[in-house]
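Student: I have a structure to go through before the group meeting. Could you take me through it?

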Amino acid sequence: MLRFALLRILGAIPTLLVVIAVAFMLVHAAPGGPFDSERVLLPEVEQNILRAYHLDEPLPQQFSRYLRGVLRGDFGPSYTHPEYGVSEIIYASYPVSFLLGAWSLAIALVLGVLFGLIAALRRNTVIDRLLSGLAMTGISVPVFVIAPIMVLFFAVRLGWLPASFSGGTGTGRFVLPVVVLALPQLAYFARLFRASMIEVLESDYVRTARAQGLSTLSIIRHHALKPALLPLVSYLGPAIAAVLTGSVVVEQIFGIPGLGQHFVNGALNRDYTLVLGLVIFYGALIITLNLFVDLLYRFLDPRVRVQ
Amino acid sequence: MNSTAGIHRARYSIRGNRLVLICLGLLLSIAALSIVGTLVSPHSVGKIAFDQNFIGPTLDGGHWFGTDDLGRDLFVRTLKGTQITFFVAIVATMVSLVIGVSYGALAGYVGGKTDAIMMRAVDALYAMPFVFFVILLMVVFERSLTLMFVAIGAINWLDTARIVRGQTISLKQRAFVDAARLDGVSNIAIIVRHIAPNLLGIVVVYVTLTIPQIVLFESFLSFLGLGVQEPQTSLGALVSEGAARMERAPWMLLFPASFLALILLSLNFLGDGLRDVFDPKSNKT
C-alpha cells in the first residue's frame, strides 16, 4: 500500500510538469504578443513593457522563471488587472468555488445513492423506469440549459430564489447554483449505483444471506452497501473533473465571483497569464484529487488491498 | 462469429429495440428539418430588422419561433445553429475516430514494449485537464471552426483507442490473421484490410457514445463565447443569447434549449441502446 502510494505520488509529478510545460508553451506560441492592440505604442514604451514582464528574455529562461514562481505559489502578474497578481486573484476566488463544488458533489453522492437504491430495489417497475429516464435526462441535458430554465421558473416566475448570486444573501443564493451543478453528477451516481447494487444483490453471498432469513434492509446494510459503493468511488475522479468544468458555466450564469468566472473573463479578454495560471491550478487540483481517489479506492477495496 | 453474422444479429436486436429506432428517427428528422426548414422559411439567416425585434412565436409573418433582440428570425437561426452543431459533431468525431482507431490498432497489433509505452501514455493523458487546455487553445489562437474540430477531436479519442486496442489484440490471434501473414501480406495491409473491418461494430458503438460528448463540449464552448463565432451560430451560442434575454423573450431560450436537449437525449439513448446490441461485455440489467 505504502509502496503503491509513493509510486502513485511520484507518477503525478511528471504529469503536473507536463501540464505546466504544455500550457506555458501554448501561451507563448500565440501569434502576436499580449499587448498587441489597435493602439500603436512607441517602440521604447513597448520595450519597457516587455522588459517589465520579462518577455524579452529567451523562452527557456522565461519558463524556468515561471516554474520557480509556480513552485513558490506565485503565478506572475495578470495582464488585464495590473494591480493584482494572478495568485492573489486565485486565492481570493477559490473559497466560493470550493464551497459550490463540495456541496454539489456531496448532494449528488447522497441523493444519487438514495435514488439508485430505490431504483435497484424496485427494478423494472414504473418507479425504476421513471428514475432511469430522469437520470438519462440529467446526464444528457447540459448544465447551461437546465440552469437558465430553472432561473426562469424558480427565480423569475415564482420569485422563490434569487436569480443571481449578487442579488441575494445567505444560503438562498447558493441553492440554485448548487442544485444545478449537482444534477448531472447525481444522475450519474444514481445510474451507477443502481447497476452495481443490482449486480451485488444477484451475487451468491446475498442469496445465501437471504436464504438464512435476513431481511432485505439488513442485507443491504451489512452485506450489499459497501461493495456496491466501490464503483462510485472510482467514478469520483471523473465526477470531480466534471464538477470543476461545470462550475465554470454555473459561476458564469449566476455571476458567482469564483475561479470559473475569472477563467471565462480571462479567456474572453485574452488575459494570457491569468488563464495560464488557472489552467495550471485546475490541472493540479484534478491531478491531486484523482490521486486521493485512487489511494482511497486501493484502501477500500479488499481485493486490491491484499496484493 | 464472422462479421456478417454479427451485423445480422445486430439488425435483429436493433429492430427489437424500439427506443433506438425512435431516437434514430428523431435525429434524422431534426437533421432533415434543419436543412429543409431554412429553405421553406421566408426569412434569411442574418437579416437584421430592429423594428421587428422581440416578436413572440407567431404563425403569420413567418416568425414561427419569434425574433431575437436584433429582429433576426429565430426559426432560421435555430436551424442554422443545429446544422453547425451537427457539422462540428460529425467532423470532430471523424478526427477522434481516425486518431483513436489508428492509435489503438497500432498499439494492439504491434504489442510488446511499444504497446506498453503507448498505453501508459494514454493513461497519463486521461489525467490531463483537457477541457481547460482547449479553452486555452481558443484563447491563444484565432477561434475558427477548423481549430475547434481538431481540438475537440483530439481530446476525445482515448476511450476509442483503448477499446480498439483490446479488440485488435484478440483479433490478431485469430487464424485468418496468421493465414494472411503466411501469404506474405504486409503488416499495414493486415491492419487495414483484415483487422479494421472487424472492428466496425465496436467502433460504431463508441462513435455514437462520443458524438453526444462532442456536441455537449462544442455547445459548452459556444455558450461561453469561446466556440462558434458570429455571424455563424450554434445551439450553445443561441442558448447563451436566450439566457441573457429570457425575462424579456423566453422563447429565445426555450427553442434552442429544447433542440439541444432533444438532440443530446436522442444521441445518448441511441449510444446506450447500440452498446447493448453490439458490446457483448456490457451487461444490461
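Student: How are helix 5 of chain A and helix 7 of chain A oriented to each other?
Tutor: Helix 5 of chain A and helix 7 of chain A are oblique to each other, a word kept for angles that are not under 35 degrees (roughly parallel), over 145 (roughly antiparallel) or 65 to 115 (roughly perpendicular). Please note that this is a predicted model, in which local features need pLDDT of at least 70, side-chain atom pairs count only at pLDDT 80 or more, and totals for chains, interfaces and linings use all residues. Residues are numbered from 1 along each chain as its sequence is written, while chains are lettered from A and ligands numbered from 1 in the order in which they are written.

Student: What are the angle and the axis distance for helix 5 of chain A and helix 7 of chain A?
Tutor: They pack at an angle of about 135°, with their axes 8 Å apart. Axes are lines fitted to C-alpha atoms, for helices over the stretch in contact, and angles run from 0 to 180 degrees between N-to-C directions. Helices (H or I, at least four residues) and strands (E, at least two) are DSSP runs, numbered from the N terminus.

Student: Which residues make that contact?
Tutor: Helix 5 of chain A contributes L131(A), A135(A), G138(A) and I139(A). From helix 7 of chain A, the residues include L183(A), A187(A) and R191(A). Two residues are in contact if their C-beta atoms, placed from the backbone, lie within 7 Å. By class, the residues of this contact are nine nonpolar, one polar and one charged. Here Ala, Val, Leu, Ile, Met, Phe, Trp, Tyr, Cys and Pro count as nonpolar, Asp, Glu, Lys and Arg as charged, and the others, Gly among them, as polar.

Student: Moving on to the two chains: how many residues of chain A are in contact with chain B?
Tutor: On chain A there are 36 residues, and they are in contact with 35 residues of chain B. Helix 11 of chain A provides the largest share of the chain A side, seven residues. That side divides into 28 nonpolar, seven polar and one charged.

Student: And the largest nonpolar core, which residues have the most contacts inside it?
Tutor: V275(A), V279(A) and V239(B) do, in a core of 160 residues. A nonpolar core is a set of buried Ala, Val, Leu, Ile, Met, Phe, Trp, Tyr and Cys residues joined through C-beta atoms within 7 Å. A residue is buried if 20 or more other C-beta atoms lie within 10 Å of its own, exposed if 12 or fewer, and partly exposed in between, with C-beta atoms placed from the backbone.

Student: What is V279(A) in contact with?
Tutor: Leaving aside neighbours within four places in sequence, V279(A) is in contact with A23(A) of its own chain and with P129(B), F132(B), F133(B) and L136(B).

Student: What does chain B look like in outline?
Tutor: Chain B has 12 helices and zero strands. Its C-alpha trace spans about 75 × 45 × 35 Å along the principal axes, and 45% of its 285 residues count as buried.

Student: Where is the cis peptide bond?
Tutor: It joins E230(B) and P231(B), with omega about 0°. P231(B) lies in the loop between helix 10 (200–223) and helix 11 (235–244) of chain B.

Student: Is N124(A) buried or exposed?
Tutor: N124(A) is exposed, with 10 other C-beta atoms within 10 Å. Its phi is near 60°, a positive value in a residue other than glycine. R270(A) also has a positive phi, about 55°, and is partly exposed, with 17 other C-beta atoms within 10 Å.
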